[in-house]
Number of protein chains: 2
Amino acid sequence: MTITEVSERFDVSQDTLRYYERIGLLPRVNRNKSRIRDYTEKDCKWVEFIKCMRSAGLPIEVLIEYIALFQQGDETIEARKELFIEQRKQIIKRMEDMKKTLERLDYKITSYEQAIIDKEKALRRPED
Amino acid sequence: MTITEVSERFDVSQDTLRYYERIGLLPRVNRNKSRIRDYTEKDCKWVEFIKCMRSAGLPIEVLIEYIALFQQGDETIEARKELFIEQRKQIIKRMEDMKKTLERLDYKITSYEQAIIDKEKALRRPED
DNA sequence: GTATCATTTGAAGTTAACTCGTAGTCAAGA
DNA sequence: TCTTGACTACGAGTTAACTTCAAATGATAC
């Protein structure tokens, strides 16, 4: 699979794919005889995984650490588990913050709606 | 209220408070006779509001726009409402992404736990 | 066989959101 | 009066995460 195909399939720019590989966020992708990247299904799984984790705000640095641990084999299972538990905690914290903000936005939106209705009512009153 | 007090009260650095004001994210704070900032309760409300919105990931640019609209008065209520509705949509999208990631992390954590248990069991088996 | 086009690498540039550095002001304490 | 410490403005520096650029290479189309 070429970089163009992977880029389109996962909606990640080619530059980003190369960048991820360069910084060790993606395990090194194999090249064909012309030194051009040839992505396997396994590589694609990684891309999809990274996309998912990034969309939840996990920092690249943490993901690099995870990949490194993963490549060291079964000895690092405990460490990987701890890493995920920590990230899980942070996602929950962020979701709580967002929930609070959401409630506040909802309240504001409702108030604004009421204000708009009131304004219209005032306009429709005969004495104006 | 001095900048030190506000900074401590909301856990926002003095630099950030000055920065927010400089870029128009905070309405201009009054100075005393010595040109030193003297925050009112109203100013504090803004700081708290900005902190809340930022914690949910609303971009500074959007918040600047909101403050600008707010300062133009009642004519901008509709625009402010639309701005909030758009941000609301984006927060919900991000929360959904996070929820998906969370489920995936939970699954991984459980698998790792099982793997650790299996490894320990293997160690305890008499034939080893 | 030459033009075109995707791809390669590594370095430099960009953006958002701060954060720091510098030089200067001002009020209070020794 | 001298110094100490908080504060000021504003420009420069930083960090994360990309993105763009430039020069070179290789394959394909005509």
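**Reading the contacts**

Mentor: Near DNA strand C, at least two residues of the surface are supplied by each of α1 (3–10) of chain A and α2 (14–22) and α4 of chain B. Helices are DSSP runs of H or I, at least four residues, numbered from the N terminus. This is a predicted model: local features need pLDDT of at least 70, side-chain atom pairs count only at pLDDT 80 or more, and totals for chains, interfaces and linings use all residues. Residues are numbered from 1 along each chain as its sequence is written, with chains lettered from A and ligands numbered from 1 in the order in which they are written.

Trainee: Which residues are the closest to DNA strand C?

Mentor: A residue is near a strand if its C-beta atom, placed from the backbone, lies within 6 Å of it. Here 17 residues surround DNA strand C, and T4(A), R37(A), Y19(B), P59(B) and I60(B) are the closest. α2(B) gives the largest share of that surface, three residues.

Trainee: At what angle do α4 and α5 of chain B pack?

Mentor: Axes are lines fitted to C-alpha atoms, for helices over the stretch in contact, and angles run from 0 to 180 degrees between N-to-C directions. Helix α4 (residues 60–71) and helix α5 (residues 77–124) of chain B pack at about 160°, their axes 10 Å apart. The two are therefore roughly antiparallel (over 145 degrees).

Trainee: How many residues does each chain bring to the contact between chains A and B?

Mentor: Contact needs C-beta atoms, placed from the backbone, within 7 Å. Chain B gives 28 residues and chain A gives 28. On the chain B side, the largest share, 24 residues, comes from α5(B).

Technical notes: Angles under 35 degrees count as roughly parallel, over 145 as roughly antiparallel, 65 to 115 as roughly perpendicular and the rest as oblique. Two residues are in contact if their C-beta atoms, placed from the backbone, lie within 7 Å.
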